[in-house]
Amino acid sequence: MEWKFLDDIPIYLQIIERIKVDIVSGRYASGDKLPAVRDLATEAGVNPNTVQRAFQELERQGLVQSERTSGRYVSIDDEKKKELQRDLSQDCIRKLFEDLRNLGMDDQMIKDAVGKWEE
Amino acid sequence: METLVCEGLCKDYGSIKALNHVDLSLSEGKIVGLLGPNGSGKTTLIKMASRLLVPSAGKITICGEVPSEKTKAIVSYLPDRNVLPEYMNCDELVQMYQDFFSDFESGRAYEMLGSLDIDPKMPLRKMSKGTREKVQLILTMSRRAKLYLLDEPIAGVDPAARDYILRTIISNYDENATVLISTHLIADVENVLDEAIFLKEGRIILHENADELKEKTGKSIDEYFREVFAC
C-alpha cells in the first residue's frame, strides 16, 4: 500500500483516518493484527513515535486493543462499525457541501444535484 | 533522560558569532531536525557535539558528559563532506569501523550495501559522489549509538535514494537513541521528524514538536520555514 500525506494536517491524524477507512471498508476485520509500529513507520516513511501516537489514539477510541506481547488487534463490533462509517461519511458530506458552496451553489441546489447524480 | 544538552552555548569565529547563547535539550528516542539557512550555525553545533570544535562559552553535554573520547564511543557522526580515505573499499571501511567502534555491526552495513547494490570491492575514488555519501551514511547508521549526528545526510543523493536513506534511519535507530539531522531539504525529511529546531544567525528561534507545529500553523514545516526565513 502506498502512503501519501497531506502537508497541512498532522501525520498521526492522517494515519488514524486511513486505518479507520480500512476498518470500515473491511480491509481490516475485527481480530486482525495491525502492523508493528516500526514496520509501519518504515513503510510509510514517518517517525515511529507518530505511528505510536496514532495507535494509542485508536486504542483510546476503542477501535484497537493491545495485547501485551503479541501486538495490536482491531476490535470492533458491527454496531460500532456502523457508527464509524456514519462519522466518516459525515466528514465526506461536509466537505462536499463546502466545496459546492464555494462554487456558489446553495444547499437546496446541492441536494437536488446530489439526488439527480448518476455515476 | 537527556541525550544532548546545551546551556548558553557560544562559538565565535573571530568577530562572527556562529552560535550565540544556545540553550537546547534533546531527549532520547527522538528524531530531531536541525533546520536553518546556510550559515545559521547548524554544522558548528554538530561539530561541537562531536568535539571537533570546543565552545567559546557555555556548555554542551552528551548523556551528562562533556564531549571527550568517552562520548565519541556513543556518538555516531556523519560529517557534511567525505572524510573517508578514497583508496579504501567498503570491505576495508567496514573493517576499519569495526576496529574503531565497539558498537559497530558489520552485518547491518553489508545488508544496506547489498540493498543499494554497492560493490564492496570498489574503492571510494571510483564511486560517484552520491554513492560515496551513501557509503558514509551506511557506516554511520550501522553503529548502535546513543546519539546520531547527521550533517546534511541527503543533500547529494537522488530522490529515490533519499527515501531509502530516510527509511534506513527510521528502521535503524534504537528506541532510546536520538537522531539529530541537519538539512535545508525540509520537505524531504519533515515526515520523519519528532521535533523541529529553527536556527537563525546562531540562535534557536523555534524548537517544537513537529505535529504540534503543523496543527498550530496549519502549514507544512517546509512552508512555515519559507515564511520565517523569507528573503
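How many bridges join strand β8 of chain B to β9(B)? Six bridges join β8 (residues 195-200) to β9(B), and the two strands run antiparallel. Strands (E, at least two residues) and helices (H or I, at least four) are DSSP runs, numbered from the N terminus. Within this pair, E195(B) stands opposite N209(B) of β9(B).

The model is predicted: local features need pLDDT of at least 70, side-chain atom pairs count only at pLDDT 80 or more, and totals for chains, interfaces and linings use all residues. Residues are numbered from 1 along each chain as its sequence is written, while chains are lettered from A and ligands numbered from 1 in the order in which they are written.

Both strands belong to an open sheet of six strands in chain B. The order is β5-β6-β7-β3-β8-β9, with mixed pairing; two strands pair if DSSP finds at least two bridges between them. At the edges stand β5 (75-78) and β9 (203-209) of chain B, each with a single partner strand, so one side of each lacks a neighbour in the sheet.

Chain B also touches chain A. Here 17 residues of chain B are in contact with 15 residues of chain A, contact being C-beta atoms, placed from the backbone, within 7 Å. Helices α6 (159-172) and α8 (210-217) of chain B each give two or more residues to this side. The most come from α6(B), with five residues.

Chain A is assigned domain 1 (11-76) and domain 2 (79-116), with bounds from an automatic or database domain assignment. Their centres, taken over C-alpha atoms, are separated by 27 Å. Five residues of domain 1 of chain A are in contact with five residues of domain 2 of chain A.

Note on methods:
Contact = placed C-beta atoms within 7 Å.
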